[in-house]
Amino acid sequence: MARQHVQVAIIGAGPAGLFLAHLLKRKGISCVVFEARSRKYIEGRVRAGVLEHGTAELLRELGAGARMDREGIEHDGVKFRFGGRDHHLDFPSHTNGRRIMVYGQQEVVTDLLDAWLDGGGDLHFSTPVTAIEDADTDTPAIVYEDADGTEQRLHCDFVAACDGFHGVGRRSVAQMRSFVVEPLQYGRLFLAGDAAHIVPATGAKGLNLAVSDVRVLAAGLADYYRTGSEAELLTYSERCLRKVWRAQHFSWWMTSLLHRFDDDVYGARLQVAELGYLLGSAAARTVLAENYTGWIDPDLGF
Ligand SMILES: Cc1cc2nc3c(=O)[nH]c(=O)nc-3n(C[C@H](O)[C@H](O)[C@H](O)COP(=O)(O)OP(=O)(O)OC[C@H]3O[C@@H](n4cnc5c(N)ncnc54)[C@H](O)[C@@H]3O)c2cc1C
C-alpha cells in the first residue's frame, strides 16, 4: 500500500464501517476501510433485515437507497398472535407516519459497497487488521498483512473499530460490562456497532444501533477537522450510550414479552397481562411503535 497516513482508519466493512465511510466522505474526511473477509462473503452474509425509518432515510441520503425502494418491503406494523386471535399494531398512526423497511442486511452492505467502490473509495478485502497501536496517542496505527503476507502499518489520526463482536477493536479496550462496552472510546480508538454492544435479535436493533453510533462518530470527526477541538468527540460515548441502553431495554422487554420460559407460571401470567395492556392502551402501543420504528433521541435528532 502506497498510503502511509489517513485521517480515519476503519476496521470492518459491515453496516457500521460502510455507513461511516460514506458519512466521512461526505464531510471531506479521508478514510480507508479494512475488511477481513472477501467481497463475496460479506455480500452473502445473511443477518438483519429490519431497518428503522431513520436508517432507511440515511441510506437514501447517501445515494444508495434506490434498490431498497424498489425491492424492500415497507411494513406499517406488526401482528401479535395470542389468545387464539390476531392483533394488529399499526405503526404510522402512533408515530407520525414512521414505518420500518424490510430489506436484508446483505443487500444494504451490497448497495453501500457498490456506491463506495464506484465513487473510488479505498477498501481492502481479505485484509484482517491484527493489532491497533498507540491508541492513547495522537498518532495511532493499525497493523495488517498485505497480499504477500508482509506486515504493514497504516498511521492515522483516529481508528474506528467497526469490526463486530469478535473483532480486534473491542479486545484493545479493557472495561466491559454485560454486553455493552463502556466507554466506547479509548484515546483515539472508537468502537461502533457490534464491536461495542450486542442486543438480542428480538428488538431488531443491532444494525440500526450500528448506524446511529457512526452518525454520532462522523459528526464528532467532522467537528474535529473543522475546529481542531476534540470536545465533541469526547462526548461520543455518552451520546451513543443513551440510544444503546434504550435499545438494550427495549430488546430485553420484547424478549420477555414474546418468549416462553419453561415452567414459569407467574411469568406467563405477566406476559398475558402485558399483551392485554398493549391491546387496551394507545399509550402502550405508542411506546412499542416508537421504539420499533426507531426512538429519536432529542439531543441527537435521530
Ligand atoms: C441472525 C441474526 C439476525 C439479526 N437480525 C437483526 C435485525 O433484524 N435487525 C437488526 O438491526 N440487527 C439484527 N442483527 C444484528 C446485526 O446483524 C448486527 O448488529 C450488525 O451486523 C452489526 O453491524 P456491524 O457493522 O457493527 O458488525 P458486523 O456486521 O459484524 O461487521 C463487522 C465486520 O468487521 C469485519 N472484521 C472483523 N474483524 C476484523 C479484523 N480484525 N480486521 C478487518 N475486518 C474485521 C467482519 O468480517 C465484518 O465484515 C442480527 C444478527 C444476526 C446474527
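Guide: Let us begin with contacts: two residues are in contact if their C-beta atoms, placed from the backbone, lie within 7 Å. This is a predicted model, in which local features need pLDDT of at least 70 and side-chain atom pairs count only at pLDDT 80 or more, whereas totals for chains, interfaces and linings use all residues. Residues are numbered from 1 along each chain as its sequence is written.

Visitor: Which residues does Thr293 touch, not counting residues up to four places away in sequence?

Guide: With those places set aside, Thr293 touches Glu52, His53, Phe91, Thr95, Arg98, Arg99 and Ile100. Thr293 itself is found in helix 10, residues 282-293; helices are DSSP runs (H or I, at least four residues), numbered from the N terminus.

Visitor: Why does Thr293 count as buried?

Guide: A residue is buried if 20 or more other C-beta atoms lie within 10 Å of its own, exposed if 12 or fewer, and partly exposed in between, with C-beta atoms placed from the backbone. Thr293 has 26 C-beta neighbours inside 10 Å and therefore counts as buried.

Visitor: What makes Thr255 count as partly exposed?

Guide: Thr255 has 15 C-beta neighbours inside 10 Å, so the term partly exposed applies. Thr255 lies in helix 8 and, leaving aside its neighbours within four places in sequence, is in contact with Pro200 and Thr202. Thr255 and Thr202 are 53 residues apart in sequence and 5.8 Å apart in space, C-alpha to C-alpha.

Visitor: Why are helix 7 and helix 8 called roughly antiparallel?

Guide: Axes are lines fitted to C-alpha atoms, for helices over the stretch in contact, and angles run from 0 to 180 degrees between N-to-C directions. Angles under 35 degrees count as roughly parallel, over 145 as roughly antiparallel, 65 to 115 as roughly perpendicular and the rest as oblique. The axes of helix 7 and helix 8 (residues 236-258) come within 10 Å and cross at roughly 165°; the two helices are therefore roughly antiparallel.

Visitor: Which residues make this contact?

Guide: Helix 7 contributes Leu209, Ser212, Asp213, Val216, Leu217 and Gly220, while helix 8 contributes Tyr236, Arg239, Cys240, Lys243, Val244 and Ala247.

Visitor: Which helix gives the most to the shell around the ligand?

Guide: Helix 7 does, with four residues. Of the 34 residues around the ligand, Gly12, Gly14, Gly164, Gly193 and Gly206 come nearest; a residue is near a molecule if its C-beta atom, placed from the backbone, lies within 6 Å of it.
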